[in-house]
Amino acid sequence: MSSRELVVLGTASQVPTRHRNHNGYLLRWDGEGILFDPGEGTQRQMLRAGVAAHDINRICITHFHGDHSLGLAGVVQRINLDRVPHPVTAHYPASGQRFFERLRYATAYRATVPLTEAPVAGEGGVLVSAAGAAGAAGSTGAAGYTLEARKLSHPVESYGYRLIEPDGRRMLPERLAAHGIRGPEIGRLQREGALLREGRTVTLEEVSEARRGQRFAFVMDTRLCEGAQELAQGCDLLVIESTFLDEDEPLAIEYGHLTAGQAARLAAEAGVRHLVLTHFSQRYGDPSDFERQARAAGFEGELTVARDLMSVSLPKRR
């Protein structure tokens, strides 16, 4: 199993259907798990998908409409019931603080796990720095990342989220061999940045090339806006709502949502590699219509129309 993958727990919008649960998505990122928008029924969907409470290090809520947050109460209580052995951090719109508190303390339970509240305000910004990601989330050794939020356009305050892995370097075996560098010397060169070989200094740049860090974005209920465009820019995997088909664009604008074509054009302009469409209105019965319209809008990358309980791996590094 990939160490970086999205587990889809639910894909319905306001009303669940026989085949689609309310929202819920777990991103596995090395040793961490980030749960996005736990809607009603998330706890049961976790069981069906093989996701445990122990897998959750962070919870990110885009906004406080019920299909994106009513499952929070059960998830929080399950984290405490199972005595998850690490702290959990929750990000959510600061304007919805009263809703978060009502869901966190919806019924009586015994608190056994530290839950840090880290609300988002204003236009968003950096929530977690790459250097501090592991410690802040109680990670078991995950690689660092930067977690960002950007304000979206919806009738209630809503934020999207993006993870950015720091850029690194890829070692080139042929150049290492040409300098006679092998075994433990490679690790030393990576740590120190230079190595003395046969009277001359070999630098890390001479035997490696830049490796772009991976990027993941999660964009839920929103109209087309600057925040959505910024989050999608250069993403390897973009999870984005497409509540409506293009013929219902007036409804999308009125209720603060995207159509399949709008989401696809945004992804194409942002250079997204793998696009995941989700958050579908109950009015549509054929999921292939979303794929057809996304392709017609010009998106040529890898495309997935999300289904409940599916897993989507991040693309291989560039």
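View 1. In strand β11 (residues 194-197), Leu195 and Arg197 make up a covered face, while Ala194 and Leu196 make up an uncovered one; strands here are DSSP runs of E with at least two residues, helices are runs of H or I with at least four residues, and both are numbered from the N terminus. This is a predicted model, in which local features need pLDDT of at least 70 and side-chain atom pairs count only at pLDDT 80 or more, whereas totals for chains, interfaces and linings use all residues. Residues are numbered from 1 along each chain as its sequence is written, and side-chain values use heavy atoms, with hydrogens and water left out. β11 pairs with strand β12 (residues 200-203) in the antiparallel sense over 4 bridges, where pairing requires that DSSP finds at least two bridges between the strands. Leu195 stands opposite Val202 in β12. The two strands form a hairpin with 2 residues between them, and Glu198 in the turn has a positive phi of about 50 degrees.

View 2. Strand β14 (residues 215-219) pairs with β15 in the parallel sense over 4 bridges, and Phe216 stands opposite Leu237 in β15.

**View 3. The surroundings of Asp308.** Asp308 lies in the loop between β17 (302-305) and β18 (311-313), and counts as buried because its relative accessibility is 17%. Leaving aside neighbours within four places in sequence, Asp308 is in contact (heavy atoms within 4.5 Å) with several residues, among them Val8, Thr11, His19, Asn21 and Gln45. A polar atom of the Asp308 side chain lies 2.5 Å from the backbone nitrogen of Asn21. Asp308 and Pro16 are 292 residues apart in sequence, and their C-alpha atoms are 11 Å apart in space.

**View 4. Helix α3 and the residue Arg83.** Helix α3 (residues 72-81) has Leu72, Ala73, Val75, Val76, Ile79 and Asn80 as buried residues. An α-helix has 3.6 residues a turn, so residues three or four places apart point the same way. Just after α3, Arg83 takes a positive phi of about 50 degrees.

Terms used. Buried means under 20% relative accessible area, exposed over 50%, partly exposed in between (1.4 Å probe, protein chains only). A polar contact is a pair of N or O atoms within 3.5 Å; within protein, one must be able to donate a hydrogen and the other to accept it, and residues adjacent in sequence count only if both atoms are side-chain atoms.
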